[in-house]
There are 2 protein chains.
Amino acid sequence: MSNTRGNAIVGQSGGPTCVINQSLVGVVEEFQKHEHIGRIFGMHHGVAGLVKEDLIDLTDIDQATLDAVAGTPSSALGSSRDKPDHAYCERIFEICRKHDIRYYFYIGGNDSADAARIVNEVARDAGYELRVFHIPKTIDNDLRVNDHTPGFGTAAKWVASAFMGDDLDNRSLPGVKINVIMGRNAGFLTAASVLARVREDCGPHLIYVPEVDFDESAFVASVARSITQFGRCVIAVSEGIHRTGEKPLANLLAEDAPVDSHGNKLLIGAALGTYLQKLIGDGVEGKLRVRSDTFGYLQRCFPGVVSAVDAREAREVGRIAARYAFTGDRDGSVVILRSNDDPYQSVYDLTDLSDVARDTKHLDLKYVTEGGDNIDDSFKKYVAPLAGELPKVGFLR
Amino acid sequence: MSNTRGNAIVGQSGGPTCVINQSLVGVVEEFQKHEHIGRIFGMHHGVAGLVKEDLIDLTDIDQATLDAVAGTPSSALGSSRDKPDHAYCERIFEICRKHDIRYYFYIGGNDSADAARIVNEVARDAGYELRVFHIPKTIDNDLRVNDHTPGFGTAAKWVASAFMGDDLDNRSLPGVKINVIMGRNAGFLTAASVLARVREDCGPHLIYVPEVDFDESAFVASVARSITQFGRCVIAVSEGIHRTGEKPLANLLAEDAPVDSHGNKLLIGAALGTYLQKLIGDGVEGKLRVRSDTFGYLQRCFPGVVSAVDAREAREVGRIAARYAFTGDRDGSVVILRSNDDPYQSVYDLTDLSDVARDTKHLDLKYVTEGGDNIDDSFKKYVAPLAGELPKVGFLR
C-alpha cells in the first residue's frame, strides 16, 4: 500500500476520441477516494500546458460534472501534439517537482507512453519518487500488448454505421463510392467496416489497409470485378495505403499540394479519394458515377454514437491506473486483454511503459483475403463485441 | 369516398434521406387497409424503373418487414435522378394505363412534384382516371408551401451533432476548421449548425449560406476576427456559396477539375473546402492549423441518428397521401405546416402539385446576421423542434 503524500496530475494527448474523457474521469473519481494524498491537477493541453504550468485543479469537481464530461467526446482538458524528447521530459519533471506532483497519469497512444517512460527515468535518476502511469487511448487500435484500445470500439461503431448507411445510399443510386478512413499505419479501423456487411451483397465490397502494399492496376481490376458482380462498388480505404516500399500515397500526393503565401503546404485529406476516383474513371470501362468521401475528424469526435463496452472500458482503465497508483506500488501502462470470446470478456493488467512505447502493432494479415483487396468476415468476431450494438436495417426483399 | 378500383404505384426519387422509407411504408400500410382496390406496386429505381416496367409488388408485405424498412435510411425501392420531360411523362402514363394503375404516389423534391404534375395532366388529357400524389422529401428543406420537409430534421440533427463533436475536437487542438455542408441552393441545413452552439464560445463561429453572396476578403477578415476572439475558428459552409452574380464556387472549381480518360470531369466535393483553406493560409497572419472536411453523403444516410419528430412526420405524409387517395377525391402534394411554436405542433394539408413543383424556397434573410457571416441564434427556435434531441455534452468549467 502506497502512502506517499503529494499531488497528482493527469493529462490527455494526441487526437481526441469519443471516450477519452471517460479515462480522465476514471482517474479523478478514484483519486477522490484518496483525497488525503493531496490535490489532483489537469494539464491544460497536455505536456504543452504542463511545462507552462497551465494547470486545472480537478480535486473538488462534483460527480454530476464528472459524469457529464465522461459522456462528452474529445479531450476536456485540451490536448497537445507535442512529442517530448529527453530535454522536454526534464522540464516536465522539474514542473512536477515544483508542484510536489507524485502521481503522473498520461492518457494517449504509443508516443505518450514513450514520453511517460522518459519522465519516469528522469525522476528515478533524480531520486524523486514519482509514480508514472500511461493510460491507453487511440482509435487506431495499434498499441502493443493490448487486445484493443479505448476509443477504437466507438470509432469502429461509427465507421461501421457510416458504411451501413452509405451502402444503402449506393444501393439506391448505384455507382462506385470510395470512403477514406483514418489510420495511417494500422488498418484496424478501416477493417471495422466489415461490420456493415449484414447481407452478402452489402458493401464494403473492397477494403484496403496499409498492411497490404497497394497496386493501382490490381485496384482497378478489383473495382471492375465488383461492378460486374454487384452492379456497383463501395470501397473502404485506409488513409495510409502505399505502394511497395514507398511512402503512403497520401504523403506523395501532399508533395504536389498547393502552398500558401507563408510557404505552408495545404494538407488536403481528400486528395487520396480524388486520386482513386481518377484511377477508376481512367481504368474501368463504361459510364460510371464515381464519388469519394473522406470521413475526417467525425470518426474521432461524433457525439451520441458510443460503444457501451468501449465507454465502460475507457472509464475502467482510468480507475485502474489510479488504483495502482494510490494503493499499490507499481508504475506502468494499463492494458486491456481479452479473457473470453463468446461471451466477450476483458481483463486489465499493468505492463512496463516500454512495452507499449514507440513501436505499434498492425492488423494480423490472417484477416486479409487472398488478393489483398478485402477483409475476411472472420474479423467480425474480433471487432463486433468492441463496436457493440449497430443500427438495425431492413430490406424489402 | 373514392370507389375506383385498380392498382396503385409508389416511387422514390432523388437523393435519399434517413426517413424516406417512412413515407413509403406510410403509403403501403394505408393501402393495406383498402386492399379491395387492387395491388400496390413499387417502382424499382423510380420513374427510370417504371418506364422499364421494373416493378416490385408490395401488396402483401408484412408489418414487421414494413417497420424494419421504415427505420432504415435511403430509398428501399431504389431511386433515380431522371427528370422526366413531357415525352417521358407520356411513357410513364402509358405504363400506368397498361398495368391499370389508378393511384400514383411519388416521394421526392420539387422536380418530382413537377413530374407528378405532368403525369397528372397527361392522364387528364387522355380522360384516364389517375389520382396523382406528391409526397415531400428533401434534406434541403426547400419545398414551397411547406414549413419544413421530411428528411430535413434528421439531417439537421446529424449536422448539429457533427458540429458539436467537431467543435469539441477543435477546442482540444485549436485551429481553423471548415466543414462543407450539403445544400446547393438553400442554406437551411448549413444554418442548422447553429444548434451546436450550446455555449457562447462554441462553434460554428462563422456560417455561410448560399442566400448571401460570398466575398473572399470579407471571409478572411471574419476568420481573423474569430481567431482573435476565440483563439480558433470553426466554420460551416454551404456547398452552394457563390460570389455576387456568379455560379457556385464549387461549380467554378469543378471547371478546373481533372478529366478522366473517357472525358468525364472528376466531381470533387472537397475542392471547395480546399479552396477556402488556401484563402485562409494566404490571407490570415500567423502559423495556423487549417483543415477542412466535406461531410458528404453521410448527411443523408447515416443510420441510428434520427429525429423522432422527423420520422413520425415522414410516416404521416405517406399515410395522409394514401388516405386522400383511397378515401377522398383530390390530387396534390402533401404539405407540412407548423400550427404552434411552443410546444411545437404541425398539421398536414394537400396543395396543388404546381404549388411545390419547379421553384424552391430559400432561407429567410432575417436569420442572417449583419455582415452575412453568421446565422442568428433566433434560427434555433425554427430548427430545434425539427432536429429533436441532441447529444448532451459537459464541460469541466
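Q: Why is B:Ser161 called buried?
A: In this predicted model, B:Ser161 has a relative accessible area of 1%, and buried means under 20% (exposed is over 50% and partly exposed lies in between, with a 1.4 Å probe and protein chains only), so B:Ser161 counts as buried. Local features need pLDDT of at least 70, side-chain atom pairs count only at pLDDT 80 or more, and totals for chains, interfaces and linings use all residues, while side-chain values use heavy atoms, without hydrogens and water. Residues are numbered from 1 along each chain as its sequence is written, and chains are lettered from A, and ligands numbered from 1, in the order in which they are written.

Q: Where is B:Ser161 found, and which residues does B:Ser161 touch?
A: B:Ser161 sits in helix α6 of chain B, residues 152-172, where helices are DSSP runs of H or I with at least four residues, strands are runs of E with at least two, and both are numbered from the N terminus. Leaving aside residues up to four places away in sequence, B:Ser161 touches A:Phe302 and A:Pro303 as well as B:Leu390 and B:Pro391, contact being heavy atoms within 4.5 Å.

Q: How do you know that the copies meet through the same surface?
A: The contact takes 76 residues from chain B and 76 residues from chain A, and 100% of the interface residues of chain B are also interface residues in chain A, so the surface used is the same. Between them the two chains bury about 5,600 Å², 63% of it on carbon and sulfur atoms; this is the accessible area (1.4 Å probe) lost on putting the two parts together, summed over both. Of the area that chain B buries against chain A, B:Leu173, B:Tyr297 and B:Leu396 supply 13%, more than any other three residues.

Q: What makes the relation of the two copies like a two-fold rotation axis?
A: Chain B can be laid on chain A by a turn of 180 degrees with a shift of 0.0 Å along the axis, at an RMSD of 0.0 Å, and the two copies are therefore related as by a two-fold rotation axis. The C-alpha of B:Ala270 is the one in chain B nearest the axis, 3.2 Å from it.

Q: Why is α1(B) called roughly antiparallel to α3(B)?
A: Helix α1 (residues 20-31) and helix α3 (residues 63-70) of chain B pack at an angle of about 155 degrees, with their axes 8 Å apart. Angles over 145 degrees count as roughly antiparallel, under 35 as roughly parallel, 65 to 115 as roughly perpendicular and the rest as oblique, so α1(B) is roughly antiparallel to α3(B). Among the residues of α1(B) that meet α3(B) are B:Val25 and B:Val28, and B:Leu66 and B:Val69 are among those on the α3(B) side.

Q: What makes the backbone of A:Ser74 stand out, and why is A:Val145 called partly exposed?
A: Most residues other than glycine have a negative phi. A:Ser74, in the loop between α3 (63-70) and α4 (86-98) of chain A, has a positive phi of about 75 degrees although it is not a glycine, and at 1% relative accessibility A:Ser74 counts as buried. A:Val145 also has a positive phi, near 70 degrees, but at 39% relative accessibility A:Val145 counts as partly exposed.

Key
Axes fitted to C-alpha atoms, helices over the stretch in contact; angles between N-to-C directions. Least-squares fit on C-alpha atoms with pLDDT ≥ 70 in both.
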